[in-house]
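Let's take a walk through a protein model together. Keep the picture open beside you as you read, and look for each residue as we come to it.

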Amino acid sequence: MRYFRVPREIVFGYGSLNHLAKMDMKRVAVICGGSATARLAGDKVLPLLIESGKKVELMTGVLPEPPIRQVVDFKERLLEFRPDWILGFGGGSPIDLAKSAWLFYEHPELDVFDKVREWGEGPIKSMPPLRLKARFTAIETTSGSGTGVSRGSVIFDESSKRKYPVRSYEMVPDTAIYDPELCLSLPPDVTANTGMDALTHAVEAYVSINDNEPAKCLALRAIRYVFQYLPAVCSQPDHKEAREKMHEANMMAGIAFSNTSLGINHALAHALGAGYGIPHGLCNAVLLPYAIEFNLPDAEAGYAEIARTIGLKERTAKKQANALSKEVFRLSLLLGIPGLKNALANNLDHFEKHLDIVARNAFSDPNIAANPRQVKSPAQIERIYRKALEPTG
Ligand SMILES: [Fe+2]
């Protein structure tokens, strides 16, 4: 038996933000990041809510890698305001934080630090039901995290420097709104990094050991869109059609990985990002060619299918699969994404000296479990990081 779970309602395309005015909400907590997203929320979201008679509180200040202590802070703010809807607004971080804060707003008796660490270690066996107090809507303003349609919420543990992917289908938002208008002013580097995050979601979902045909269909289409439209939207940020397609790719990739799983690339990206503060999408981008190479012995057919989808013409499945990692590398170069060495910058020495610890953290990330090639030791992970440090793909 398999499941395919998505938000009850996904509204997308230019103008879809206006759907907010029609939603039956009384008290809405809008959770967002720093000043730029707060301004965007103030300009675009709050007027729609207020003019349609809703009581609104704007809760700002979610950090780029939201730590567990912020889950506590925002839970307290929610308990004070008592919303019947929580609206996560922004990139992956504020929406992820809003999801976890929602969980503990519903169940304030739970210890936030204990539960995030426990649930972030592996499959959740005892996630309590949500929606006793509030429902959740997500509005993504970048095209990458897919968190608006997914079950995940990644939270950072400052003491252990680990990222915990807290996951449960209870946390799939009720409504998700994907209005590409909100992305038109994103700078090229954020566009590139987040777009590569979406690509990684789709590639990992497609070769995940979890069989889920509808999810994999969406993954394949998302991959095609990223190769087709991400270069255009990076060179011309206000390219309306490319923005719309990238936002759809983001949404489709989010549905895909939420219903299958991710894999080794995200495990390595989480450990790298948590240790060195490198943006999540950039971590995925610099690792993806090497994670594909690692998986080749057990995922050749899947990678070959992806290669054919993006128009690679090699004659055999083996050659097609081999060509995919090079094509991903070429896409990153085209987008101006630096390699791992440059992404680490001054932290390169530290990374090389502590590679064993980073690899162990990646090895304990639950995303490893659905990877097509079984990962048997942290030493295998170290080798992937080392390959990514080499200058060519
Ligand atoms: Fe991701």
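**A serine and its surroundings**

Start at S16, where a polar atom of the side chain lies 3.4 Å from the backbone oxygen of Y178. Keep in mind that this is a predicted model. To find S16 in the picture, look in the loop between β1 (9-12) and α1 (19-22). Is S16 buried or exposed? The relative accessible area of S16 is 6%, and buried means under 20%, so S16 counts as buried. Leaving aside residues up to four places away in sequence, S16 touches V11, I177, Y178 and D179.

Now let's turn to the aromatic rings. How many aromatic pairs does a search of the whole structure find? The search gives 5. Y276 belongs to helix α9 (residues 264-276) and F351 to helix α13 (residues 348-353), so the pair ties together parts that are 75 residues apart in sequence. Both Y276 and F351 are buried. Y385 joins them too, as ring pairs link Y276, F351 and Y385 into a cluster.

Technical notes:
Residues numbered from 1 in each chain as written. Predicted model: local features only at pLDDT ≥ 70, side-chain atom pairs only at ≥ 80, totals over all residues. Heavy atoms only, no water. Phe/Tyr/Trp six-rings, centres within 6.5 Å; stacked < 30°, edge-to-face > 60°. Helix = DSSP H or I, 4+ residues; strand = E, 2+ residues; numbered from the N terminus. Buried < 20%, exposed > 50% of the residue type's maximum accessible area, 1.4 Å probe, protein only. Polar contact = N/O pair within 3.5 Å; in protein donor to acceptor, adjacent residues only side chain to side chain. Contact = heavy atoms within 4.5 Å.
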